[in-house]
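Subject: Handover of a structure and the findings from it

Dear colleague,

I am passing on to you the structure that follows.

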Amino acid sequence: MTAGPQSDVPPSEDPTSTEVQPLEVVVVTGLSGAGKLSAGRVLEDLGWFVVDNLPPALLQPMVELGARGDLRRFAAVVDVRSRAFSSDLQEAIETLAEAGNRPRIIYVHARDEVLVRRYESNRREHPLQGNGTLIDGITAERNLLTGIAGDADLWVDTSDLNIHQLRATLENAFERDGRTQPLTATVMSFGFKYGLPLDADLIVDARFLPNPHWVPELRPRTGQDPEVSAYVLAQDDAGEFLDRYTEVLRLLIPGYRREGKRYLTLAVGCTGGKHRSVAIAEEFARRLTDEGLATVARHRDLGRE
């Protein structure tokens, strides 16, 4: 186990009070090999007290112990150790919520082929592989995590993220001083030919717009270049599409906030994730920032061709 730095925020404004104050609690879980420990290290750098490989049964005792001291933000990286893992963790999270804490779940995952490549490069066996193949272990773990994945507050797909992009994603969700925005947003561009992003809440299709790929001088450029962006945004229906979908987002955002949703991922796709989706994603990110959301634009498949 490793422990990160503690917050210097006092447990109570009244030093004579004996009441145990609720903690901010984050549980990092997900697929083995997807980067849970890396996510934990990022949270540690952001000022959270982090414990690695904590069994679900010890989650409540650790939170109670921290609440008696000056600990205000606690994160646990929880891994698969038994067939009862999912039900044990869900029960532990329910117990924390009933005690007045604010548990949030980060679910870290990646595509099967990426996980296989990572395991083979490290020459490690999957913890649930047993006498089967590596993909058998990955499939068993996905099935085991179905329940907790559905309850997750934030999905992080690390298939195409380096450590710096993972850090940016979590920094966008957890501010350094411990104050979290009511709702933070990631706008992601992607290419349909590479598959849908599994961590998207909303998916927008930009393939109805003319493709800059067929304009010779624009083909080698990307949607981040001003010339490509201007070409995409100047197309018929592009402005009306952006305006109407922005109105949809304005309708959804208050509802998400009322329901306690803290993270929104809007995915914008085109064929290859190079031109149209990138330009539209950048524009949506600008508009969501204007709506008061902490927003970051990420381009999943840029440079993949």
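The notes below go from the whole chain to its sheet, cores, helices and salt bridges.

Please keep in mind that this is a predicted model.

Overall make-up

The chain has 305 residues, of which 50% count as buried. Its secondary structure comes to 10 helices and 9 strands. When contacts between residues at least 6 apart in sequence are considered, 79% of them join residues at least 24 apart.

The sheet

Five strands form an open sheet with parallel pairing, in the order E2-E3-E1-E4-E5. Strand E2 (49-51) and strand E5 (154-157) stand at the edges; each has a single partner strand, so one side of each is left without a neighbour in the sheet. From one strand to the next, the twist averages 20°. At one end of the order, strand E4 (residues 102-109) pairs with E5 in the parallel sense over 4 bridges, and His-109 stands opposite Asp-157 in E5. Helix H1 (residues 36-45) packs on the sheet, where it touches E1, E2, strand E3 (73-77) and E4. The direction of helix H1 makes about 160° with that of E1.

Glu-24 is located in strand E1 (residues 24-30). With a relative accessibility of 13%, Glu-24 counts as buried, because the limit for that class is under 20%. Leu-71 lies 47 residues from Glu-24 along the chain, yet the C-alpha atoms of the two are separated by 9.3 Å.

The nonpolar cores

In soluble globular proteins, nonpolar side chains tend to be buried together. In this model the largest nonpolar core holds 56 residues, and the members that touch the most others are Leu-43, Leu-59, Phe-74, Ile-106, Leu-170 and Phe-174. Leaving aside residues up to four places away in sequence, Leu-43 touches Val-26, Val-28, Trp-48, Val-50, Ala-75, Ile-106 and Phe-174. Another core, of 28 residues, lies apart from the largest one and includes Val-215, Tyr-245, Ile-253 and Ile-280.

Helix H9 (residues 238-258) has 21 residues. From its first C-alpha to its last, helix H9 reaches 31 Å, close to the 30 Å expected at 1.5 Å a residue. Which residues of H9 are buried? They are Ala-238, Phe-241, Leu-242, Tyr-245, Thr-246, Leu-249, Ile-253, Gly-255 and Tyr-256. The elements that cover these buried residues include strand E7 (202-205), helix H8 (226-233), strand E8 (263-270) and H10.

Ser-277 is placed in helix H10. The relative accessible area of Ser-277 is 0%, so this residue is buried. Not counting residues up to four places away in sequence, Ser-277 touches Ser-189, Phe-190, Val-268, Gly-269 and Cys-270.

Salt bridges

How many salt bridges does the count come to? The count comes to 19 salt bridges, and three of these may be worth a look in the viewer.

In helix H10 (residues 276-290), Arg-286 and Glu-283 are 3 residues apart, which means that about one helical turn separates them. Arg-286 forms a salt bridge with Glu-283, with the closest N and O atoms 2.5 Å apart. Arg-286 is partly exposed, at a relative accessible area of 42%, whereas Glu-283 is buried, at 12%.

The side chains of Asp-205 and Arg-207 also meet in a salt bridge, at 2.9 Å from N to O. Asp-205 counts as partly exposed at 33% relative accessibility, and Arg-207 counts as partly exposed at 39%.

Asp-301 forms a salt bridge with Arg-304, and the closest N and O atoms of this pair are 2.9 Å apart. Is Asp-301 buried or exposed? Asp-301 is buried, with a relative accessible area of 1%, while Arg-304 counts as partly exposed at 35% relative accessibility. Through salt bridges that share partners, Asp-301 and Arg-304 are joined with Arg-111, Glu-113, Asp-160 and Arg-300 into one network.

With kind regards

Note on methods:
Residues numbered from 1 in each chain as written. Predicted model: local features only at pLDDT ≥ 70, side-chain atom pairs only at ≥ 80, totals over all residues. Heavy atoms only, no water. Salt bridge = Lys/Arg side-chain N within 4 Å of Asp/Glu carboxyl O. Buried < 20%, exposed > 50% of the residue type's maximum accessible area, 1.4 Å probe, protein only. Helix = DSSP H or I, 4+ residues; strand = E, 2+ residues; numbered from the N terminus. Expected span 1.5 Å × (residues − 1). Contact = heavy atoms within 4.5 Å. Pairing = 2+ DSSP bridges. Axes fitted to C-alpha atoms, helices over the stretch in contact; angles between N-to-C directions. Core = buried A, V, L, I, M, F, W, Y, C linked by side-chain atoms within 4.5 Å.
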